Each structure stands twice: as structure tokens, then as C-alpha cells.
Amino acid sequence: PVYFLWSLGVMIVAGGLGWLAFQTVPSETVQDPNINISAYAGWRLNATSFLLVWVREAIYVALGEEIFFRGFLGGWLVRWFGFSIGNTIQALIFLLPHLLLLLVSLDLWPIIAIQMIAGWLLGWLRYRSDSILPGWLAHSLINAFGALAAMK
């Protein structure tokens with residue numbers, strides 16, 4: 001249970017850095033249909049919409065990424081290379097598909113940096129808790145709070 005509290009700390013750090021990073025990105029870039037959060041552009045910000053976004057991000061995005069990157073890949077890399085190297089490699093591999101955002105706009109580079117930090121922190125959480133569940137909670141909340149940047 002203590003790692004679920006740690007997951008909230010990871011969410012606050014990564015989510016806060018992500019929010020700051022989104023402040024540097026022009027709003028027309030955030031609204032680009034090639035960016036995941038643009039799907040929420042027409043949504044009104046309220047408790048119900050946030051809950052729906054959180055559930056969607058938890059099921060359709062964060063769960064698969066946590067199973068593959070932190071559960072499977074991170075677990076294997078940490079066993080082979082130790083925590084420091086294995087987790088860093090996992091975070092770099094997690095970053096690779098996210099680099100496609102730079103094809104949408106180079107203005108998104110601050111988001112890429114935060115995704116690297118978040119990938120490393122989520123890997124740390126997986127290593128310490130020996131479970132993907134706290135990281136899944138943090139990852140889905142980070143994504144849900146990121147979607148706020150596109151909402152009205």
C-alpha cells in the first residue's frame with residue numbers, strides 16, 4: 001500500500017513537470033489531431049469528464065505501456081543489467097515511440113524530456129514495489145492531468 005502513496009508522489013512530480021512543459025507548447029500544437037490529448041479538445045473540464053479521461057487513459061494507454069515497458073521489458077533489463085542501467089535503458093526504449101511527437105511539431109520537445117523522466121520514475125516504482133499497479137495508477141493520472149491542457 002505504501003507504494004500507492006509513492007505513485008501519487010510520482011504523479012505530482014511528473015504531472016507537474018508535464019503541466020509546466022505544456023505551458024511552453026503553442027495551443028494550436030496541443031490541438032493537433034495527431035496528438036492523443038487533442039481527442040479531449042472539445043470536452044468541458046469538470047469532475048465527470050476528468051474521471052472519464054482517467055478511466056480511458058488507464059485502460060487504453062497506461063495499462064499496456066506498464067505491462068510491456070515496466071513489467072516485461074523493465075523487469076528483464078533490471079535482472080540482466082541491474083537497476084540503474086536496466087531502468088535507464090527501459091526509460092529510453094519507452095521514449096522511442098514518443099519521439100514520433102516531434103514529427104507533429106518540434107515545439108513538443110519539452111514533453112519528450114518529461115516522458116523520459118516519467119518513464120524512469122515509473123520504472124523505479126515498479127522496481128521498488130515489485131508490481132506494475134502503483135505505476136499504472138501514476139501513469140494513468142499523469143496522462144489524465146495532461147489531457148487538461150487540451151480541455152476548455
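Helices H4 and H6 are oblique to each other, a class left over once angles under 35 degrees are taken as roughly parallel, over 145 as roughly antiparallel and 65 to 115 as roughly perpendicular. The axes of H4 (residues 83-98) and H6 (residues 109-129) come within 8 Å and cross at roughly 135 degrees. Here an axis is a line fitted to C-alpha atoms, for helices over the stretch in contact, with angles running from 0 to 180 degrees between N-to-C directions. Helix names follow DSSP runs numbered from the N terminus (H or I, at least four residues; strands are E, at least two).

The structure is predicted, and local features need pLDDT of at least 70, side-chain atom pairs count only at pLDDT 80 or more, and totals for chains, interfaces and linings use all residues. Residues are numbered from 1 along each chain as its sequence is written, while side-chain values use heavy atoms, with hydrogens and water left out.

Three salt bridges are found in a search of the whole structure, each being a side-chain nitrogen of Lys or Arg within 4 Å of a carboxyl oxygen of Asp or Glu. One of the salt bridges joins Arg 70 to Glu 66, with the closest N and O atoms 2.7 Å apart. Both residues belong to helix H3 (residues 47-81), where Arg 70 and Glu 66 are four residues apart, about one turn of the helix. Arg 70 is buried because its relative accessibility is 1%, and Glu 66 is buried at 0%.

Another salt bridge links the side chains of Glu 57 and Arg 56, at 3.4 Å from N to O. Glu 57 counts as buried at 1% relative accessibility, whereas Arg 56, at 32%, is partly exposed.

Arg 126 and Asp 130 also form a salt bridge, with 3.5 Å between the closest N and O atoms. Arg 126 has 18% relative accessibility and so counts as buried, while Asp 130, at 62%, is exposed. Asp 130 sits in the loop between H6 and helix H7 (133-147). The backbone of Asp 130 is worth a look too: phi is near 60 degrees, a positive value in a residue other than glycine.

Trp 19 is placed in helix H1, and its 51% relative accessibility is why Trp 19 counts as exposed.

Back in helix H3, which also holds Val 61, that valine is buried, with a relative accessible area of 19%. Val 61 and Ile 132 are separated by 71 residues in sequence and by 14 Å in space, C-alpha to C-alpha.

Conventions: Buried < 20%, exposed > 50% of the residue type's maximum accessible area, 1.4 Å probe, protein only.
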